[in-house]
Amino acid sequence: MIIICGNAGKTQIDKLTEKFQADGFRTHVSQGTETTIIGLIGDTSKIDVEDVEAIDIVEKVQRVSEPYKLVNRKFHEEDTIIDVNGVKIGGGHFAVMAGPCSIESEEQIVSCAKAVKAAGATFLRGGAFKPRTSPYAFRGLKAKGLELLLTAKKETGLPVVTELMSLEHLDLFNDVDVIQIGARNMQNFEMLAEIGKCKKPILLKRGLANTIEEWLMSAEYIMSGGNENVILCERGIRTFETATRNTFDVSAIPVLHHLTHLPVIADPSHAAGKSALIKPLAKSAAAAGADGLMIEVHPNPSQALCDGAQSLTPDAFSDVMADVKKICELENKIF
Ligand code: PEP
Ligand code: MN
């Protein structure tokens, strides 16, 4: 970390460097005529840049290393492979999580689970607790929905992924294989810290308007609690564009692979908002090196209680999978 001080006397600089040395850092001072630069050597990830900038003699602070450590590839070169009851994600293993936006009935979730499994999905997704913009919209079957999801898990053997919206419900998630933290909770720091204490794999979706660094800091929250099983999911971000529900940030995939060892999957459904766009976006994600996909599939999209416009029929999903498999072969991914 580089700390730029302006118009400071030697006594003030000495006082500041002694403070950092007392905190365990080594310091390197470079004295100019008008500016003094202090180089701080050590693990600066716990330092808040704004706190340092608030010191009267400090003009500017510049990080030379990232503020996250546990998720950082610099300290963990190999890809993390997450093993969910034998189904792997990351490090060359491609996983596909498919199913309806929300669980609506036993018939719907079980038939959907069978269909996505037949088409090659390796996980069943389905929302029981739904974050909806309108309080009057269908907000999921809640505990009953989780029960139905577990019935579908039993019938098909597919591991299941579903969203946790409140820590109050955590006890209900014992048999859920992967806990999803949705876009709207990506910066619910209390929640992140708490789920960091469990060992279950966490699917952390990117916030609606969050930078990659903020997203990685959220993953750091979970990892710093002791849970190393974090999967990142790019699901589109808000931009000025209105032709799609969100803007799919495909570049986030290679950027993340460079910055972190954690697996990265993509959700073209929430990015696009339109079923016709799922195939090209899913293919682009696989070609960009994603470790998997999350895709919404509904047996009858026009009757779906949530996100029907972006949901694929089982046949359309099968068609997408056929192309994704070809790209995985090119990418040397096991799928
Ligand atoms: C979902 O996966 O059903 C969902 C609500 O996604 P997001 O949090 O990305 O909007
Ligand atoms: Mn949805």
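**View 1. Glu296, a buried residue in a predicted model.** Let's start with one side of the metal site: in this predicted model, Glu296 has 0% relative accessibility, so Glu296 counts as buried. Asp307 has a relative accessible area of 18%; because buried means under 20%, Asp307 is buried too.

**View 2. The manganese ion (ligand 2) and its donors.** Four residues coordinate this ion: Cys101 through SG, His270 through NE2, Glu296 through OE and Asp307 through OD. The coordinating distances run from 2.0 to 2.4 Å. If you want to find the donors along the chain, look for the spacing C-x168-H-x25-E-x10-D. Glu296 and Asp307 are 11 residues apart and link distant parts of the chain. Glu296 belongs to strand β14 (residues 292–296), while Asp307 sits in the loop between β14 and α10 (314–330).

**View 3. The shell around ligand 1.** Here you can pick out Arg125, Lys130, Pro131, Glu163, Gln180, Gly182, Ala183, Arg184, Lys205, Arg235, His270 and Glu296 around the ligand. By residue class, this shell holds 7 charged, 3 polar and 2 nonpolar residues.

**View 4. Polar contacts of ligand 1 with Arg125, Ala183 and His270.** Arg125 places a polar side-chain atom 2.7 Å from an oxygen atom of ligand 1. Ala183 uses its backbone instead, with an N or O atom 2.7 Å from an oxygen atom of the ligand. For His270, a polar side-chain atom lies 3.5 Å from a ligand 1 oxygen. Taken alone, ligand 1 exposes 300 Å², and the protein buries 97% of that.

Definitions and conventions:
Residues are numbered from 1 along each chain as its sequence is written. Chains are lettered from A and ligands numbered from 1 in the order in which they are written. This is a predicted model: local features need pLDDT of at least 70, side-chain atom pairs count only at pLDDT 80 or more; totals for chains, interfaces and linings use all residues. Side-chain values use heavy atoms; hydrogens and water are left out. Donors are N, O and S atoms within 2.8 Å of the metal (3.2 Å for Na, K and Ca); water is not among the atoms, so sites may look incomplete. Helices (H or I, at least four residues) and strands (E, at least two) are DSSP runs, numbered from the N terminus. Buried means under 20% relative accessible area, exposed over 50%, partly exposed in between (1.4 Å probe, protein chains only). A residue is near a molecule or strand if one of its heavy atoms lies within 4 Å of it. A polar contact is a pair of N or O atoms within 3.5 Å; within protein, one must be able to donate a hydrogen and the other to accept it, and residues adjacent in sequence count only if both atoms are side-chain atoms. Accessible areas come from the Shrake-Rupley method with a 1.4 Å probe; for residues, only the protein chains shown count as cover. Ala, Val, Leu, Ile, Met, Phe, Trp, Tyr, Cys and Pro count as nonpolar, Asp, Glu, Lys and Arg as charged, and the others, Gly among them, as polar.
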